[in-house]
Structures are given as structure tokens and as C-alpha cells.
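Subject: Handing over a structure, with notes

Dear colleague,

I am passing this structure on to you, together with some notes on what was found in it. Please read the notes with the structure open beside them.

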Amino acid sequence: MNGQAAQQDADISEPAGSGVVVRVAGEADLPTAAALFRGYLDFYEVAPTPDPDRPRAFLAERIAKDESLVLLADVPGVGTVGFAQVYRTFSSLSMRPVWVLGDLYVDPSGRRTGAGRALLREVLGRAREAGVAGVQLETAYDNHLAQGLYEAEGFVREGFHVYFHELG
């Protein structure tokens with residue numbers, strides 16, 4: 001197997017028994033990834049104003065600069081139904097790299113297919129392989145379905161308060 005084929009295999013995985021295939025998004029995937037990203041923004045009631053193409057441009061820049069890992073979930077017979085975006089950063093307390101799962105979204109057409117769980121497991125598997133200290137995420141207080149998935153996959157709710165200061 002040549003290096004390029006090995007890299008392609010490393011960028012695609014199928015969780016046992018799920019049928020869902022998770023792969024790394026590339027430039028050719030931008031229209032699909034952007035549509036899912038827009039669905040994610042809609043879910044959180046965030047309008048990408050004034051430029052409706054901003055989600056695509058944002059993802060394109062992250063992918064081109066290798067500033068995030070963008071994964072897509074494909075369900076046989078349904079199509080690409082989900083995406084996850086991970087940012088790499090560091091923890092001063094552990095003095096090691098950590099990943100922030102910034103976005104995880106499954107389109108309504110792909111819900112209850114295992115796509116969300118497959119994306120989450122792929123993130124965790126890649127994080128383990130990369131030797132990071134852990135994966136951090138946030139979700140809305142009322143997103144109980146997502147919270148159940150995260151807790152079922154081993155995430156623990158922390159006692160820290162999250163603060164944010166908007167700068168415009």
C-alpha cells in the first residue's frame with residue numbers, strides 16, 4: 001500500500017456494526033460540510049449575517065490552514081448527514097494538548113442512525129491516537145439528547161462555570 005492510500009484509509013473509518021462511515025472533510029466536501037454547518041447554526045439560532053456564504057468560507061479557511069479537524073458522517077442510503085469540528089489547543093493545568101469539540105451536528109434525516117455516536121467515537125479515537133489529555137465540549141443546557149450521548153460515551157459534567165466576554 002502506498003503512502004497516499006494509507007493516508008486515505010486513516011482518514012476513513014466505520015464503527016463496528018453501525019454502517020456509518022466517518023471521514024475527514026477536504027476541500028471537495030465544502031458544499032456538503034457548509035450545508036451541515038448552516039444546519040448547526042440554525043439549531044443554535046445563529047444567523048451568519050450579513051454574508052450567507054460565511055459558514056462555507058469559515059470552514060474553508062479552517063481546513064486550508066489545518067486549524068481544525070472536520071469530520072463527516074455518511075450513512076448508506078441516506079448520504080452525508082453529520083459533521084464534527086475539533087480545535088486543537090493546550091491545557092495549562094495538565095501541561096498537555098487537549099482538543100475542543102466545537103461542533104457536532106446531525107441533520108434530522110440522519111438522526112437515530114448512529115451518526116452522532118460515530119462522529120463522537122471517531123473524535124475520541126483520534127484524540128487517543130494523538131496522545132491528547134482529553135476532549136472538552138459545551139452544549140446548551142436544554143440539549144438533553146446530546147448530553148445523554150456525551151455522558152453515555154464517558155464525558156463527565158464538570159463543576160466549572162464557563163464565561164464568555166463578547167468583543168463584537
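Which residue meets the side chain of Asp-29 in a salt bridge? The partner is Arg-23, with a distance of 2.7 Å from N to O, where a salt bridge is a side-chain nitrogen of Lys or Arg within 4 Å of a carboxyl oxygen of Asp or Glu. Asp-29 has a relative accessible area of 15% and is therefore buried, and Arg-23, at 17%, is buried as well; here buried means under 20% relative accessible area, exposed means over 50%, and partly exposed lies in between, with a 1.4 Å probe and protein chains only.

Before going further, please note that this is a predicted model, in which local features need pLDDT of at least 70 and side-chain atom pairs count only at pLDDT 80 or more, while totals for chains, interfaces and linings use all residues. Residues are numbered from 1 along each chain as its sequence is written, and side-chain values use heavy atoms, with hydrogens and water left out.

**The chain as a whole**

The protein chain holds five helices and six strands, which are DSSP runs (helices H or I of at least four residues, strands E of at least two) numbered from the N terminus. Along the sequence these elements follow the pattern α-β-β-α-α-β-β-β-α-β-α. Of the 168 residues in the chain, 36% are buried.

**Salt bridges**

Side chains of opposite charge can pair when their charged atoms come close. A search of the whole structure finds ten salt bridges, and one of them joins the side chains of Arg-126 and Glu-122 at 2.8 Å, N to O. These two residues are separated by about one helical turn, because they stand four residues apart in helix H4, and both Arg-126 and Glu-122 are buried. Glu-151 and Arg-157 also form a salt bridge, with their closest N and O atoms 2.8 Å apart; in this pair Glu-151 is partly exposed, with a relative accessible area of 42%, whereas Arg-157 is exposed at 57%.

A network of salt bridges links Glu-61, Arg-62, Lys-65 and Glu-67. Glu-61 and Glu-27 are 34 residues apart in sequence, and their C-alpha atoms are 9.9 Å apart in space.

**Pockets**

The largest pocket holds about 1,200 Å³ of space. On a 1 Å grid over the protein atoms alone, a pocket is an open set of points where a 1.4 Å probe fits, with protein on both sides within 12 Å along at least five of seven lines, and its lining residues have an atom within 4 Å of a point; the points are joined across faces, edges and corners, and the volume is the space filled by probe spheres set on them. Lining this pocket are 30 residues, and those nearest its centre are Gln-136, Leu-137, Glu-138, Val-156 and Glu-158. Among the elements that give two or more residues to this lining are strand E4 (79-91), strand E5 (96-106) and helix H4 (115-130).

The second largest pocket holds about 640 Å³. Its lining has 26 residues, of which Val-106, Gly-116, Leu-145, Ala-146 and Leu-149 are the closest to the centre. Helix H2 (30-43), E5, H4 and H5 each give two or more residues to this lining, and E5 provides the largest share, with six residues.

Helix H4 also holds Leu-120, which is buried at 1% relative accessibility.

**Two loops**

Where does Glu-45 lie? Glu-45 is in the loop between H2 and H3, where its phi is near 55°, a positive value in a residue other than glycine, and it is exposed, with a relative accessible area of 75%. Val-46 lies in the loop between H2 and H3 too, and Val-46 is partly exposed at 41%.

Met-95, in the loop between E4 and E5, likewise has a positive phi of about 55° although it is not a glycine, and Met-95 is exposed at 74% relative accessibility.

With best wishes
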